[in-house]
Amino acid sequence: ERGGKIRLITITCSHFCEKVRFALGLMGLEYEESAHVPGGHTGDVVAAMEGIDDDPMTMVPVIVYGGKVIQDSVDILKFLNDEAESASGWYPYPADHELKEEILAWEEMVGVVLGTSVRQVMYYLLLQQPSLLFRTVLGYESLSLPLWVLSQLVSPYLRWQLRAEPMSINEESFEECMGYIRELFDDVEEWLGGGG
């Protein structure tokens, strides 16, 4: 079923969520966003998945559209491409099947390698500057506590959470992820330079 109001469930500072916002904007589609701080989104996602999945993953972005719930930025873009009517005439993927498959392969690789690595690098760098962590991840401006109080209360917990499994944010993982990012950029440069 096409049409209806699009509801987008997100967290702050997520490039996967931003990718979906970007596509919705380019398609000229209006949507209502339920934005959350990281961790604050789980109840909203579970509620949206009720009756669809008995043990839902709580990752975002999620869209609710036309009676369907779609999770994961790639799946959302595929769905929008195939099921939504673009107000602008722009669609996430080309009509050419072969080119679309090539783009999807790159998108998968970039999402897995770059997406995960950028998240690790971002959190590592933000842990070095707690004031940026609170502004970027928690949307500090919307909180009523002074930054120094918030930093004293929450910073030890956030550091512990981000350094624990499965995130394991530390200098070694930072360097490893920077290596992955450099390799991927080299691959993309080679692909673009080869006209591929």
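In this model, the backbone nitrogen of Cys-17 sits 3.1 Å from a polar atom in the side chain of Ser-14, a polar contact (a pair of N or O atoms within 3.5 Å; within protein, one must be able to donate a hydrogen and the other to accept it, and residues adjacent in sequence count only if both atoms are side-chain atoms). Ser-14 itself lies in the loop between S1 and H1. With 10% relative accessibility, Ser-14 counts as buried, where buried means under 20% relative accessible area, exposed over 50% and partly exposed in between (1.4 Å probe, protein chains only).

A word on the ground rules. The model is predicted, so local features need pLDDT of at least 70 and side-chain atom pairs count only at pLDDT 80 or more, while totals for chains, interfaces and linings use all residues. Residues are numbered from 1 along each chain as its sequence is written, and side-chain values use heavy atoms, with hydrogens and water left out.

Taken as a whole, the chain has seven helices and four strands; helices (H or I, at least four residues) and strands (E, at least two) are DSSP runs, numbered from the N terminus. Along the sequence they follow the pattern β-α-β-α-β-β-α-α-α-α-α. Of the 196 residues in the chain, 37% are buried. Among contacts (heavy atoms within 4.5 Å) with a separation of 6 or more, 59% come from residues 24 or more positions apart.

Five of its six residues are buried, so S1 is largely enclosed by the rest of the structure. S1 runs parallel to S2 (residues 31-36), with six bridges joining the two; strands are called paired if DSSP finds at least two bridges between them. Ile-6, for one, has Tyr-31 of S2 as its bridge partner. Together with helix H1 (residues 15-27), S1 and S2 make up a right-handed β-α-β unit, right-handed here meaning that, with the strands pointing away from the viewer, the path from the first strand over the helix to the second runs clockwise.

S1 also pairs with S3 (residues 62-65), this time in the antiparallel sense and over three bridges, with Arg-7 standing opposite Val-64 in S3. S3 in turn runs antiparallel to S4 (residues 68-71), the two being joined by four bridges. Val-64 turns up again here, bridging to Val-69 in S4. The S3-S4 hairpin has two residues between its strands, and Gly-66 takes a positive phi near 55°.

Over in S2, His-36 is buried, with a relative accessible area of 19%. The side chains of His-36 and Asp-44 are joined by a polar contact of 2.8 Å. Leaving aside neighbours within four places in sequence, His-36 is in contact with Ile-9, Thr-10, Ile-11, Thr-12, His-41 and Asp-44.

What about the cores? A nonpolar core is a set of buried Ala, Val, Leu, Ile, Met, Phe, Trp, Tyr and Cys residues joined through side-chain atoms within 4.5 Å. The largest one has 18 residues, of which Val-20, Leu-24, Leu-29, Ile-63 and Leu-80 touch the most other members. S1, H1, S3 and helix H3 (73-83) each supply at least two residues of this core, and the largest share, five residues, comes from H3. Leaving aside neighbours within four places in sequence, the contacts of Ile-63 include Ile-6, Leu-8, Val-20, Val-69, Ile-76, Phe-79 and Leu-80. A second, separate core holds 13 residues, including Trp-106, Tyr-124, Leu-126 and Leu-127.

That leaves helix H7 (residues 171-193). Its 23 residues reach 33 Å from first C-alpha to last, close to the 33 Å expected at 1.5 Å a residue, the expected span being 1.5 Å times one less than the number of residues. At the start of H7, a side-chain oxygen of Asn-170 comes to within 3.1 Å of the backbone nitrogen of Glu-172. The buried residues of H7 are Ser-173, Phe-174, Cys-177, Met-178, Ile-181 and Leu-184, and they pack against helix H4 (97-128). An α-helix has 3.6 residues a turn, so residues three or four places apart point the same way. Cys-177 counts as buried at 7% relative accessibility. Leaving aside neighbours within four places in sequence, Cys-177 is in contact with Ser-117, Gln-120 and Val-121. The C-alpha atoms of Cys-177 and Arg-119 are 9.2 Å apart, although 58 residues separate the two along the chain.
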